[in-house]
Amino acid sequence: MKQTIAFILLLNGLISWAVASDIEIPEPLEPWVAWVKENSPGIDCPTQYGDIATKHCRWAGTLQLDVWEEGAAFSQVFTTYSDSWLLLPGERSYWPDSVLLNNEPAIILQHEGFPALRVTAGEHQVSGTFKWKQLPISLALPADTGIVDLSVDGGVVNVNRDQQGKLWLKTGAGHDALEEEDHLDLQIHRRFTDLAPMRMEARLILDISGKQRETLLSGVLLDGFIPIDLNSSLPARLEQDGLLRLQLRPGHWEISVIAYRPGEVTSITVPQAAKLMPARVLWSFECLNHLRLVEPDGLQQIDPRQTCLLSSSDA
C-alpha cells in the first residue's frame, strides 16, 4: 500500500509539473496519465500552498454591465483550467435570463448562492439579460469578478461596490458619482527565513482609489525564487513571466506571496525600480542558527517592529 501511494503522488506531481512547464511525460508513465486525471479532479488547477485540496480553477474577466430602468444586459469572459462552475451576477430576487454560453442557450443552476454554469476547461464567453420592474438598489456580484464596466441609461458611471462585493446601482447622489483620481498607495514588506530551501514571504498592502482597473506589478518575485502560494483578497494571479496581475478596486487590501529559492543562497539581489512599485521596501531576515550561521549585510537596519511580518512569537 505504501508503494502504491508513493507512486500515485509522484505521478500526480509529474503531470502537474508537465502541464505548467510544457515538458514531456516520461514514456513509462504515459499510460497512466488518463487514469490520474480521471481520479484527480482539478489536477491542472493552481492549488493553495499547504492545502492541495483548495484549488483555483477559474479566472473571471471584466464584467460588462449595461443597466436601465426596466432591465440590464451583461457579458463576461472566463478562463477555466478544469471542469468548473462559472458564477454569474445576480441573486434570488434578480435572476439572469436569456443566458448564452459561447453563443449557445444555457441552463442556469444555483451554486454558492449565485446563478452559475457548469463548464469544461477552456475560455468561455457568457452573456445574458435581467428584467425588473424598476432599477434595484444593488446587485450581488461574485467575489472573483474583480472589474466591472458599468453604464446606466447609456452613460458610463463610477462603480460603487462594497467590501462584500455588492454593486450599488442607486446612491443618494444619483448616478453621477464624484470622480476620484486613480491612485495606488503600495507598501511591500518581505520576510526571508533561512530554511533549506530559503523561504520568502512578500506582503503587499494596497490602498486604492479611483476607478476599477487591471494592472501588472513587476518585482514582487525576486530572481531565482519559485512561487508556491498566492493569497489575495483581490482577484490576482501570477503570470508565467513572474508579473503579478491584479484586478484593482477602491479600498484597503492585503496580498501575500510565498516563494522559495532552491540551492544554497549567499546573496539576494534587490530588484530594479519599476512603475507602481514603492521606492522603499522593508526586508526582514530570520536566521536559523541550527542550520547555518548567517550575518546579513548590505542593507540599512531598522526596528523590526516597523514591519508587519513579525511572527506570533515576536509579538
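Predicted model: local features only at pLDDT ≥ 70, side-chain atom pairs only at ≥ 80, totals over all residues.
Leaving aside its neighbours within four places in sequence, which residues is Leu-204 in contact with?

Local features need pLDDT of at least 70, side-chain atom pairs count only at pLDDT 80 or more, totals for chains, interfaces and linings use all residues, and side-chain values use heavy atoms, with hydrogens and water left out.

Okay, back to Leu-204. Its partners are Leu-186, Gln-187, Ile-188, Leu-217, Val-220, Leu-244, Trp-253, Glu-254 and Ile-255, where contact means heavy atoms within 4.5 Å.

Leu-204 is also among the residues with the most contacts inside the largest nonpolar core, which has 27 residues. By core I mean buried Ala, Val, Leu, Ile, Met, Phe, Trp, Tyr and Cys residues joined through side-chain atoms within 4.5 Å, with buried being under 20% relative accessible area (1.4 Å probe, protein chains only). Strands S17 (183-193), S18 (198-209), S22 (244-248) and S23 (251-261) each give two or more residues to this core; strands here are DSSP runs of E, at least two residues, numbered from the N terminus. S18 gives the most, with six.

There's a second, separate core of 26 residues, including Leu-101 and Val-119.

Now, a sheet. Three strands form an open one in the order S6-S10-S9, paired antiparallel; pairing takes at least two DSSP bridges between strands. S6 (84-87) and S9 (109-111) are the edges, each pairing on one side only. Three bridges join S9 to S10 (residues 114-119), and Leu-109 has Ala-116 in S10 as its bridge partner.

Definitions and conventions. Residues numbered from 1 in each chain as written. Helix = DSSP H or I, 4+ residues; strand = E, 2+ residues; numbered from the N terminus. Buried < 20%, exposed > 50% of the residue type's maximum accessible area, 1.4 Å probe, protein only.
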